[in-house]
Amino acid sequence: MSLATLLPVHDSFHVKAIYEGMPGELVAEEKRMSFYNGDQLIHRTPYESLKDIRFREIGDKSILDLCLADGHIAFNLLESEDESELFYLHTKERIIDRRRVNEFLKKRVRVFDNRALLMFDKECLTWIMDRPPIIFENEFIEGALIGRVGQDFSHHDYGVLYITNQRLFFNGRKGYYTQLKLEDIHHCLIIDIDTNFRDALKRKSYSLQFNEGDFIVGVQSEYSGKIDAFIASLDPNIIRIERF
């Protein structure tokens, strides 16, 4: 499997930001990053000139760094912490290292059904490569979905839900981590939350609940085949699906 088989990135994203003291809008366009103050173009950087894109938090500020050969350009993102980080990950898609990704896929991923390739699109691979999971010897990733875990009503963590030939685990971006051995999973409920609703990226929402709610992950997917491919590694006798 190679990155060449994967789906294209999403359309342009934009966030409110400050650049060199000037408020405006930072836009991730098809081939470049552009900063506008109203209708006036203030700065533009082609993706091909970037060596890296980094995200850091300083106090309550979210900073996006565009790294060039001779320095970096910093933007203070004014959106929420989650929205700022999601924007960072979207921009990271644009400069994803194909060679590094293909090496990871070859070494760590095993799929046995073509529809499983749907899970490993550029968005998911960007999340994976930005926070690589610890994979044990003789362990291979069979599925991965971007998800959200709510620890309580006010705390949650975005990350990637993985299923391997040995276990199911969630690797959160803020440090939340939980896992279940495959033999310890005795029940999987998939809730298709609203069969008619899709978000701006045409994704539907699902709730994956393991062992009667002991472990719950919310996921979004534009293809139901991603969900089907993910649970294909589980015993079909423990799976139940509910649609509302």
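1. On a 1 Å grid over the protein atoms alone, a pocket is an open set of points where a 1.4 Å probe fits, with protein on both sides within 12 Å along at least five of seven lines; lining residues have an atom within 4 Å of a point. This is a predicted model: local features need pLDDT of at least 70, side-chain atom pairs count only at pLDDT 80 or more, and totals for chains, interfaces and linings use all residues. Residues are numbered from 1 along each chain as its sequence is written, and side-chain values use heavy atoms, without hydrogens and water.

2. The second largest pocket has a volume of about 240 Å³, the space filled by probe spheres set on the points. Its lining includes Lys51, Asp52, Lys92, Arg100, Thr126 and Met129. By class, the lining has four nonpolar, one polar and six charged residues. H3 gives the largest share, three residues. Helices H2 (98-108) and H3 (122-130) each supply at least two; helices (H or I, at least four residues) and strands (E, at least two) are DSSP runs, numbered from the N terminus.

3. Strand S10 (residues 167-172) is mostly covered, with six of its six residues buried, meaning under 20% relative accessible area with a 1.4 Å probe, protein chains only. Arg167, Phe169 and Asn171 point one way; Leu168, Phe170 and Gly172 point the other.

4. S10 pairs antiparallel with S9 (residues 156-164) over five bridges; pairing takes at least two DSSP bridges. Glycine 159 stands opposite glycine 172. Two residues separate S9 and S10 in their hairpin.

5. S11 (residues 177-181) also runs antiparallel to S10, joined by five bridges. Phenylalanine 169 faces glutamine 179 there. This hairpin has four residues between its strands, and glycine 175 in the turn has a positive phi of about 105 degrees.

Definitions and conventions: Buried means under 20% relative accessible area, exposed over 50%, partly exposed in between (1.4 Å probe, protein chains only). Ala, Val, Leu, Ile, Met, Phe, Trp, Tyr, Cys and Pro count as nonpolar, Asp, Glu, Lys and Arg as charged, and the others, Gly among them, as polar.
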